Amino acid sequence: MQSLFWLALVGQSVSVAPPPVPSWGRAEQVANELRRVCMSEAGIAIAMKDWSQGQEAAKARIAENDKIERELGEAAYTPPIDVNRLDKAARARNAYQAMLLADSTRRNVDTLRKLSPEDRVIYARRFAIYRAVAPVRTCRTNVR
């Protein structure tokens, strides 16, 4: 009986559910994080404008990302597994993610170029996974 079930599924495409939609309302959190590390208000304004543009670009890419992820999901859940289809879909996702990372890096470097030298020091540290072991910096009262 079970083998009849699997035979019925062979060659059929399986519907997969999309991932949850990301939360877009973090602007104030990002701004507060920059304040906490003592970025100037002028620098925060520049960073937040560029961050907002990045969010809009990400929203515009949702449909393309969904198309790529849907194909990968269908390839992974449609028996029998077509390894070539799965490989092609996984490579498409890898290439798309690499493009997104490169675009994000370009946007961050563009933002760095707009900032004052003092704010560049603060913003540049957002790039690094490794952190310096240093005491927590307190902001001067005239920074804001």
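In this predicted model, helix 2 meets helix 3 through A27, V30, A31, L34 and R35 on one side and E41, I44, A47, M48 and W51 on the other, with contact taken as heavy atoms within 4.5 Å. Sorted by class, the contact has 8 nonpolar residues, no polar ones and 2 charged ones; here Ala, Val, Leu, Ile, Met, Phe, Trp, Tyr, Cys and Pro count as nonpolar, Asp, Glu, Lys and Arg as charged, and the others, Gly among them, as polar. The axes of the two helices come within 10 Å and cross at roughly 145 degrees. Those axes are lines fitted to C-alpha atoms, for helices over the stretch in contact, with angles running from 0 to 180 degrees between N-to-C directions.

A search of the whole structure turns up 1 disulfide, counted as a pair of cysteine sulfur atoms within 2.5 Å. It joins C38 to C139, with an S to S distance of 2.0 Å. C38 sits in the loop between helix 2 (27–36) and helix 3 (41–60), and C139 in the segment after helix 6 (117–124), so the bond ties together parts that are 101 residues apart in sequence. The torsion about the S-S bond is about -95 degrees, which makes the disulfide left-handed. C38 counts as buried because its relative accessibility is 3%, whereas C139, at 29%, counts as partly exposed. The cut-offs are under 20% relative accessible area for buried, over 50% for exposed, and in between for partly exposed (1.4 Å probe, protein chains only).

Helix 5 (residues 83–114) has 32 residues and spans 47 Å from first C-alpha to last, close to the expected 46 Å, a figure that is 1.5 Å times one less than the number of residues. Its buried residues are A89, Y96, D103, T111 and L112, and they pack against helix 3, helix 4 (62–77) and helix 6.

Overall, the protein comes to 6 helices and 0 strands, these being DSSP runs (H or I, at least four residues, for helices; E, at least two, for strands) numbered from the N terminus. Of its 144 residues, 23% count as buried.

Residues are numbered from 1 along each chain as its sequence is written, and side-chain values use heavy atoms, leaving out hydrogens and water. As the model is predicted, local features need pLDDT of at least 70 and side-chain atom pairs count only at pLDDT 80 or more, while totals for chains, interfaces and linings use all residues.
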